[in-house]
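This report concerns the pockets and the nonpolar surface of the structure shown below.

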Amino acid sequence: MDQFTLNLLVVGATFALYIGIAIWARAGSTSEFYAAGRGVHPVLNGMATGADWMSAASFISMAGIIAFGGFNTSAYLMGWTGGYVLLAMLLAPYLRKFGKFTVPEFIGDRFYSQTARTVAVICLIIASVTYVIGQMTGVGVAFSRFLEVDNATGLYIGAAIVFMYAVLGGMKGITYTQVAQYVVLIIAYTIPAVFISLQLTGNPIPGLGLFSDSTATGKPILQELNGLLGDLGFSSYTEQSDTKLNMFLFTMSLMIGTAGLPHVIVRFFTVPKVSDARTSAGWALVFIALLYLTAPAVGAMARLNLINTVYPEGTQSAPLAYDARPDWMKNWEQTGLLKFEDKNGDGLINYVADPAANEFDVNRDIIVLANPEIANLPGWVIALIAAGGLAAALSTAAGLLMAISSAVSHDLIKGQINPGISEKNELLSARISMAVAIAVATWLGLNPPGFAAQTVALAFGLAAASIFPALMMGIFSKRINNKGAVAGMLTGLIVTIIYIFLHKGWFFIPGTASFDDADPLLLSVKSTSFGAIGAVINFVVAYIVSSATEEPPEEIQDLIESIRIPKGAGQAVDH
């Protein structure tokens, strides 16, 4: 059986499974559409959260970013995992005890203000849409290679699949689909990693293989990689070249952005009890760790295999002739994500650090997907990783679209525009808003502002600067009032989004940027790191404005007091 047919069969089988689950778990009420009827088992919710959390950025792009950035990009691992711990400990149980459907609903009630609720909806939509762009980018990359279509066609196919199971099933369908997607993506990620680790080190555990000796040279893998990179003029893989300030701010931005991401927070509204929210958070961390402990090894080993492919006789010898390039290079060249330009006319693939002499351009987002082909693994492994990459991208896209849909239908339409809307019409408006969000995300995904992981990092920065401070102050401070919360969210969001647009282009339109991340506006702070500064500005503005105005009403202060006590939460109320 040829590779294309095998890819089609495996990917098609997983899509049929997702759509079948969505039909089985079709939402029949707003409670099922928004929160899966509050009846999801903590272990299943932990697995669904893991799939929701491990997006195209984690599965497709993170190892690629690490492969080319080395130590400097370890902040992705530290920020995303550390942020999840913050979310599980500081937010999840308290928000579950509050017992509403959405994050804007909590902010609106806690700060006794429809304006605060509206601002929260705006912040949520901006952060979530930016995040979805990264997912659609990953979908396009995966489809373009494995189904042999162009990037745009891949995006349209992915959007159609998400539309079918997310619009139909709502949170109930998405939750059980994400359980299946987690199983697919974790198997797809770890099996190639185990094979490659065995090939290079003889150790079947990739995380341990990263610190083992190479079976070919007897040197430690990282030492061998550093030597090869040094020969070609690249920076050392294990040394820090980014500034400590930017790395610290970037890590903090990812951490607090993680804790402020509405599509992850809303997962904890689907369990029956407050104690289940903590339990499912613990299980999710276990499921997430399986991939995150493997990613650094995948990145390093992929870079090593890539260099050895281009320089089969070693970096001191001539590189591979273009006409003798392996099939995987030819396949990825067709997507436009791998390019060769013979600048000196010698017919050889010169892969060096100097941009003027380098002739080989590899998109970082293809590394994980190309890994099995680079390592000459069996065809079924290649098909499996295609299915896994699509599962990761589609699962998170569905969760984000659910957050956007519920914010529009529940917080804007029912909460403010038409409070008397029937449950049937509210459900219809939720599905329509999700369809519109899918269309917008697909259009933006055609021209993303960076690699999938970089685009997602921008979304985390926006969530860090706007939503996270409001949630933290809403739970742990009685003094912050409605005026302070609104002023803080707006200031944090506006300052951060302007800084991003100055570096990535206004509304991500190519050619409109005034700065770039290599030469940023403020010291060494890149656009992906500014969210932490935006969050500090949010906290400061909220505190100053609240201190200068009246205290929150007594009943709001009593509400905060009751939220802080984890026990005693009753059934959630559908408002």
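## Second largest pocket

In this predicted model, helices α7 (114-146), α18 (423-445) and α20 each supply at least two residues of the lining of the second largest pocket. The largest contribution, five residues, comes from α7. Helices (H or I, at least four residues) and strands (E, at least two) are DSSP runs numbered from the N terminus.

The second largest pocket holds about 390 Å³ of space. Ile-133, Trp-443, Leu-444, Phe-507 and Phe-508 lie nearest its centre, among 15 lining residues. By class, 13 are nonpolar, two polar and none charged. On a 1 Å grid over the protein atoms alone, a pocket is an open set of points where a 1.4 Å probe fits, with protein on both sides within 12 Å along at least five of seven lines; lining residues have an atom within 4 Å of a point.

## Largest pocket

The volume of the largest pocket is about 810 Å³. Of its 35 lining residues, Ile-65, Phe-68, Gly-69, Thr-73 and Arg-364 are the closest to the centre. At least two lining residues each come from α4 (56-69), α5 (75-98), α11 (244-259) and β2 (360-362).

## Helix α20

Ile-498 belongs to helix α20 (residues 482-504).

## Basis of the values

Residues are numbered from 1 along each chain as its sequence is written. Local features need pLDDT of at least 70 and side-chain atom pairs pLDDT 80 or more, totals for chains, interfaces and linings use all residues, and side-chain values use heavy atoms, without hydrogens and water.

Note on methods. Points joined across faces, edges and corners; volume = space filled by probe spheres on them. Nonpolar A, V, L, I, M, F, W, Y, C, P; charged D, E, K, R; others polar.
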